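Reader: Could you walk me through this structure? I am new to it.
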Amino acid sequence: MNLPFFVYGTLRPGEINHDRFLRGRTAREEPALLRGAVLYEGPGYPYAVEAPECEVRGELVTARPEAYAELLALLDRLEEYVPGDPRNLYDRVERPVVREADGTAVRAWVYVAAPAVTARLRARGTRVEGGDWRGVR
């Protein structure tokens with residue numbers, strides 16, 4: 001199934017990786033919310049960590065059908081995600097994301113902090129207040 005992607009950091013429009021990875025590969029990008037997660041600051045990029053009663057702002061990105069496989073592989077590489085690898089910084093998970101325009105929920109791929117990273121962030125990380133990484137800089 002070709003799920004859309006929820007992006008919340010360097011892949012958002014105007015950010016450093018948006019044009020490099022998404023330009024020409026997307027059919028649509030729209031503001032959205034990931035409920036049940038909080039953002040933490042990372043070294044130049046954020047991490048989403050699952051947490052009840054919080055939300056993260058970002059974009060719901062729908063890939064062009066002919067570019068989907070390439071985009072999925074590129075994003076997995078960018079996030080250094082390998083299925084089942086305990087050294088992952090991020091895990092790619094399927095989560096409901098809410099479109100800001102009309103409030104509809106859509107299943108999407110989201111890169112969230114892997115368990116070891118999550119534990120470190122919860123112990124001594126810096127939360128991004130308001131759930132919007134754009135406000136950090």
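Author: A charge sits over a ring if NZ of Lys or CZ of Arg is within 6 Å of the ring centre and within 35 degrees of the ring normal. Here, Arg 92 lies over the face of Trp 109, at 4.5 Å from the ring centre. The model is predicted, so local features need pLDDT of at least 70 and side-chain atom pairs count only at pLDDT 80 or more, while totals for chains, interfaces and linings use all residues. Residues are numbered from 1 along each chain as its sequence is written, and side-chain values use heavy atoms, with hydrogens and water left out.

Reader: How many aromatic pairs does the structure hold?
Author: There are six aromatic pairs. Rings of Phe, Tyr and Trp (its six-membered ring) pair if their centres lie within 6.5 Å; planes under 30 degrees apart count as stacked, over 60 as edge-to-face and the rest as tilted. The ring centres of Phe 5 and Tyr 68 are 5.6 Å apart and the planes are at 25°, so this pair is stacked.

Reader: And where do Phe 5 and Tyr 68 lie?
Author: Phe 5 is in strand β1 and Tyr 68 in helix α2, so the pair ties together parts that are 63 residues apart in sequence. Helices (H or I, at least four residues) and strands (E, at least two) are DSSP runs, numbered from the N terminus.

Reader: Is Phe 5 buried or exposed?
Author: Phe 5 is buried, with a relative accessible area of 1%, and Tyr 68 is buried as well, at 7%. Buried means under 20% relative accessible area, exposed over 50%, partly exposed in between (1.4 Å probe, protein chains only).

Reader: Which residues form one aromatic cluster?
Author: Tyr 45, Tyr 47 and Tyr 90 do.
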